[in-house]
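Here are a few exercises to work through with the model open beside you. Try each task before reading its solution.

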Amino acid sequence: RSSSACSSHSTEGLRRLDPAEPRVYGPVSSERVQLMDACCGDAFLFLHVSVRIVFGAACTLSHMGAVLRKAVQSLPPHQTEVFQAVLEQLQWFAGQQIRNVAVNGSREVLMDDSFFTGYRKTAVEPQEILLSIHIPYSQKVGFISAFKQSPRREDDISIVTAAMSVTFSPGTDVVKDLRLSFGGMAPVTVLARRTADRLLGRQWGEELLQEACSLLAEEMSLDPSAPGGMVSYRRTLTLSLFYKFYLRVLQKLRLQVWSQRAGGESTRYSKHTSTRETDTLDVQERNSLLRLQAVPEGQSLGDVVGRPIMHLSALKQATGEAMYCDDVPLYENELYLALITSTKAHARILSVDAAAAERSPGVVCCLFASDVPGSNITGMRQDETVFADGQVTCVGHIVGAVVADTQLHAQRAAKAVKIQYEELEPVVTIQEAIVAQSFYKPIRTIQCGDLEAGFKQIHIGGQEHFYLETNVTLAVPREDGEMELFISSQSPSDSQVTGKSPKALGVPANRVLVRVKRMGGGFGGKESRTSVLSTVVAVAADKLKRPVRCMLDRDEDMLITGGRHPFYGKYKVGFLQTGKVVALDVTFYSNAGNSMDLSQIMERALFHMENSYSIPNVHGQGFICRTNLPSNTAFRGFGGPQGLMVAEAWITDVAHCLGLCLFILQVRRLNLYLEGESTPYNQILHGVTLDRCWDECLSRSEYERRRAAADLFNRQNRWTKRGLAVVPTKFGIAFTATFLNQAGALVHIYRDGSVLLTHGGTEMGQGLHTKMVQVASRVLGIPCARIYVSETSTNTVANTSPTAASASSDLNGAAVLNACQTLLKRLEPYRTQNPKGSWEDWVMAAYLDRVNLSANGFYRTPDLGYDFDTNSGRVFNYYSYGVACSEVEIDCLTGTHKNLSTTIVMDVGHSLNPAIDVGQVEGGFMQGLGLFTLEELHYSPRGVLLTRGPGSYKIPAFGDIPTQLTVSLLRDAPNDKAIFASKAVGEPPLFLASSVFYAIKDAVRAARAESGMTGPFRLDSPASAERIRTACCDRFTKLCPPAQPGTFSPWSVRV
């Protein structure tokens, strides 16, 4: 959109190419060749003519980029302004794979502001085809630039685009022609005609800039309720992008026109025209450095524990051979189910008309609350329903289901169901819940010592799980009321036992078999919310006595299943002039949604409210807000990241209050826990490695050198700033619900010596099965190749705890150890009798001697239990520690940031598998990077989720990985509380990504200092481009103030 608008003043009408002209063909797929070949033979070429390059419509974008780059190298610079602008935008358009096949095109029209006739509508008629697009050479006295600002730099839809061109009278800096075009400021591309006209005949200087910004602020207005929101930010961007254009032109003018002038003018503008200020944050090659642990001397080559063994399913997953739930072949007479969901956040159901759906092709039946054979009540706290009954309490509340012969028929019929509502007033945001006093019980409090305090705030947004495999269930009815469920679930027993499918079906749990082969990601989202779907599918299969399948589309999954809890934190801190914190008062509010589910994540948030800092006097309180949103649930960290994030907010504010902005490092270091100190919940810390992680991280990251270089950079650049932050983490390992700290295993040794291993954990890509095979391999003394894990099922290991809380390797590993030791003890007589025999010899001898070669294993974590009333007990088995140092660079004019480097030192004890553990550190860090800097859920004021897919919800891309990423596992740090001295690694690294957030805040602090603003300031999470730009207060943001709250209805609200 932007490139076309910028060239509108100089692009000629497009025409068919002369067959006599030389043709050069670009690479296209054969399918596209046939399609276009039937229409014209010129669609695949590009050619140079006297004033332009002509690209055929089927020439790929990659090929276009190659041609333009060659032209930029070979043609005079003044002719390639347009080419360079196009190239700059091409690097951010989609991904390389898409650019390799995507094509472009246009008909004989000027691509000006009349080309777009409406939102996503153009002047091209339906019967017309694309032939070619002409990109003109630029003029010697003209300059052209294009800009794109999006939530994510790579492969993302823009927030605002701009393309600008200016032509000067020859030999002067007087504006002869000016075109300013913007996308994202209206449903169509708009030209700032009034602003451009007013600036004609003016000199390109400071006065023109001032007037241009004032005029643009007036002309580029937006309704405060405009779709897409971010109104103030979008308006500010029009000014900021023009300023970037102004600087670029000023720089080029100085080179072209003023180079022969003496002194004054060029000196006058030198402070504006640093190349760094006008460049975009470009793509750089990334490198990653891993430092693994050393295997102890003397460890046998056959002992695989502690070695970087490849994930057992890696090759199958990479080649597409790995089987997931929806890959189970279709059963005969299988049916497909589609959900009927509420479109209102809070309403009474007046009527449901399913007549049109029932008449639709392929439909077998419709299901509602009256069709549930057992109890319609469900949920972790028995506060939900299988189907809504009389009332809906969120958008996405399941009202019913349609079962049909195909997915398409079922989904079409579901849309045909008509529901009439009587709307009730919804509670959507945390602030609304506070006003309404809409809270779940209990309200948790932790207090240690005495204090009086006073409050600053931070809001931490929610997060979508965005697992690759959405929720899916296949239900197969068997005889005598049996039901076999193939589910993508972290908690098979939850679907089998805890009041879900059996209760709804009216059968005992022993009639329900749940099987989980593997998941395509879970992250906590498939711990409890899987049952929302599986119960409905089981009810349908039971009613029809036929297999029924359902796999949610991405938009359905995002709408129905909930995500990470948004948090609002209030805090007051007491501290000494030295920076030592002596008192903390913090209050948390979480947005739980329309049911309690696993919102006891608030407890873990309170247990992590001090992060890694020793504070003698603490008071913490947590309120769980009941709102009319889909129930939020477990997510990697389970409340810990939110509590930790608030802690880093107040420790940063302490340094800012003391004027120690450059010494925040010392403030954090001063307050770190030491060995033997006590937490606010009175647990004594043992095996503290925070100081070791801290010192090693600073050394490996070369912090002092980077800090000095960043300070120098910031002094030399006004509109780009760099920031650094070092952040520690202390993450407690154990389920906070004590009864879940147990696990079982079942090990079979077959007559040929092969071993079938089953345990209570599920595989979701994290490598749990691989680690369990390694444990069994060490204990039994046989190669990994002799051991196989097939699946997790409720008929092999009963009453399993969810694969969650980072404790699965600890719990299931100990259970596997227990089972294998039992088997070893049984085999010991035969090993003694035949010491030179093989494993197979001993197994066969035991079998012939009628020895049981199957064994159950069990483990329960000892000495756990905590009482909130007395603030006593032992909450966690141990703690995982880590430290990260990150450096970023921000563009103060747009809010874009680039992650320059991150160094992580993680204490994982004696790693069971360093390769997998490093992968977990990297993956957790990147997921945290999304949480704290990028991913944002938008809800309307009436509770409608507006971000329902990758088009509007952005997870990190390759370009968001730090340019230099170093991960080190702390050596010589054994942990006597877990299997083979290892430590948990799934959740603890995620919070280390907050080092990027606080590095951004450090850079923003430097930008604010340029405008004379010092001291603490609020920056909510995620640190999106909008929030970064708004926090960098300057003359441009002051020209575009936000509308007063209450004077308009916003497009989205912060929940």
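Two strands count as paired if DSSP finds at least two bridges between them. Keep that in mind for the first exercise, and remember that this is a predicted model.

**Exercise 1. Find the order of the strands in the open sheet that has mixed pairing.**

Step 1. Follow the pairing from one side to the other: the 5 strands come in the order E20-E28-E27-E26-E21.

Step 2. Now look at the edges. Strand E20 (439-448) and strand E21 (456-460) each pair on one side only. From one strand to the next, the twist averages 15 degrees.

Step 3. Zoom in on one pair. Strand E28 (residues 617-626) runs antiparallel to E20, with 7 bridges between them. Within E28, Gln621 is the residue that stands opposite Thr445.

**Exercise 2. Describe how helices H3 and H4 pack.**

Step 1. Two packed helices are described by the angle between their axes and the distance between the axes.

Step 2. For H3 (residues 61-74) and H4 (residues 81-90), the angle is about 140 degrees and the axes lie 10 Å apart.

Step 3. Angles over 145 degrees count as roughly antiparallel. H3 and H4 are therefore oblique to each other.

Step 4. The crossing of H3 past H4 is left-handed. H3 contributes Leu61, Met64, Gly65, Leu68, Arg69, Ala71 and Val72 to the contact, while H4 brings Phe83, Gln84, Val86, Leu87 and Leu90.

Step 5. Sorted by class, this contact holds 9 nonpolar, 2 polar and 1 charged residues.

**Exercise 3. Is Ala186 buried or partly exposed?**

Step 1. Start with the surroundings. An open antiparallel sheet of 4 strands has the order E7-E8-E9-E10, and its edges are strand E7 (142-149) and strand E10 (190-191).

Step 2. Strand E9 (residues 175-183) is joined to E10 by 2 bridges, and Ser181 stands opposite Leu191 in E10. The loop between E9 and E10 is where Ala186 is found.

Step 3. Buried means under 20% relative accessible area. Ala186 has 27%, so Ala186 is partly exposed.

Notes. Residues numbered from 1 in each chain as written. Predicted model: local features only at pLDDT ≥ 70, side-chain atom pairs only at ≥ 80, totals over all residues. Heavy atoms only, no water. Axes fitted to C-alpha atoms, helices over the stretch in contact; angles between N-to-C directions. Parallel < 35°, antiparallel > 145°, perpendicular 65-115°, else oblique. Left-handed = near helix turned anticlockwise from the far one by under 90°. Contact = heavy atoms within 4.5 Å. Nonpolar A, V, L, I, M, F, W, Y, C, P; charged D, E, K, R; others polar. Buried < 20%, exposed > 50% of the residue type's maximum accessible area, 1.4 Å probe, protein only.
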